[in-house]
Amino acid sequence: MTKPPLGSTMRLVRPAPNVLGFYDGRVDGVRAWSDEPNWLDDGAYALGICTYAIVDGSQALVYDTHISLPHARFIRQTLEDMGATSIRVVLSHWHDDHLAGNEVFQDCEIIANTLTAREQPGRDRKRCSTDQSSRAAEQDLRRQS
């Protein structure tokens, strides 16, 4: 198995006008992290991972920050090369393959539900927006456990 540098097998797709998909994974004979069993190669990378961005002029909205810092750097650089100067990030949930690139977007607003915001190491909680419906969902989860 070959192990190229993280992010080097990522493909940029354009599924619709102003929509970018940053896809990586499902590359025959390639592992992203190690020959040993691990969550990245045997889970996320084996299934394929895609972070999406919507770009409108100088504004961009990024959905999840991908599986590594090199992946996130590629995303950010692509957006900036397109003229984006205002970037917001929405995190779907707290799994590593969705927020591992957050550091690259640390100067951007990151929007997340309460549970996901709590999993942001070193993150200023005030800059991680949450909403009322997220708080209600969190309370429901606590009642069920």
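**View 1. The residues that line the largest cavity of this predicted model.** P4, P5, L6, G7, S8, T9, D24, A32, Y45 and H71 form the lining, where a lining residue has an atom within 4 Å of a grid point. A cavity is a set of points, on a 1 Å grid over the protein atoms alone, where a 1.4 Å probe fits but cannot get out. The lining consists of five nonpolar, four polar and one charged residue, with Pro and Tyr counted as nonpolar, Asp as charged and Gly as polar. Local features in this predicted model need pLDDT of at least 70, side-chain atom pairs count only at pLDDT 80 or more, and totals for linings use all residues. Residues are numbered from 1 along each chain, and side-chain values use heavy atoms, without hydrogens and water.

**View 2. The largest nonpolar core.** Helix α2, a DSSP run of H or I with at least four residues, gives the largest share, three residues. Beyond its neighbours within four places in sequence, L79 is in contact (heavy atoms within 4.5 Å) with L20, A53, V55, A60, V62, A84 and I87.

**View 3. The buried face of helix α1.** In α1, which spans residues 39-47, L40, D41, A44 and Y45 are buried. Seen down the helix axis, the directions to their C-beta atoms fall within an arc of 120 degrees, so these residues line one face of α1.

Conventions: 1 Å grid on protein atoms, 1.4 Å probe; cavity = no way out; pocket = protein on both sides within 12 Å on 5 of 7 lines; lining within 4 Å. Core = buried A, V, L, I, M, F, W, Y, C linked by side-chain atoms within 4.5 Å. Buried < 20%, exposed > 50% of the residue type's maximum accessible area, 1.4 Å probe, protein only. Helix = DSSP H or I, 4+ residues; strand = E, 2+ residues; numbered from the N terminus.
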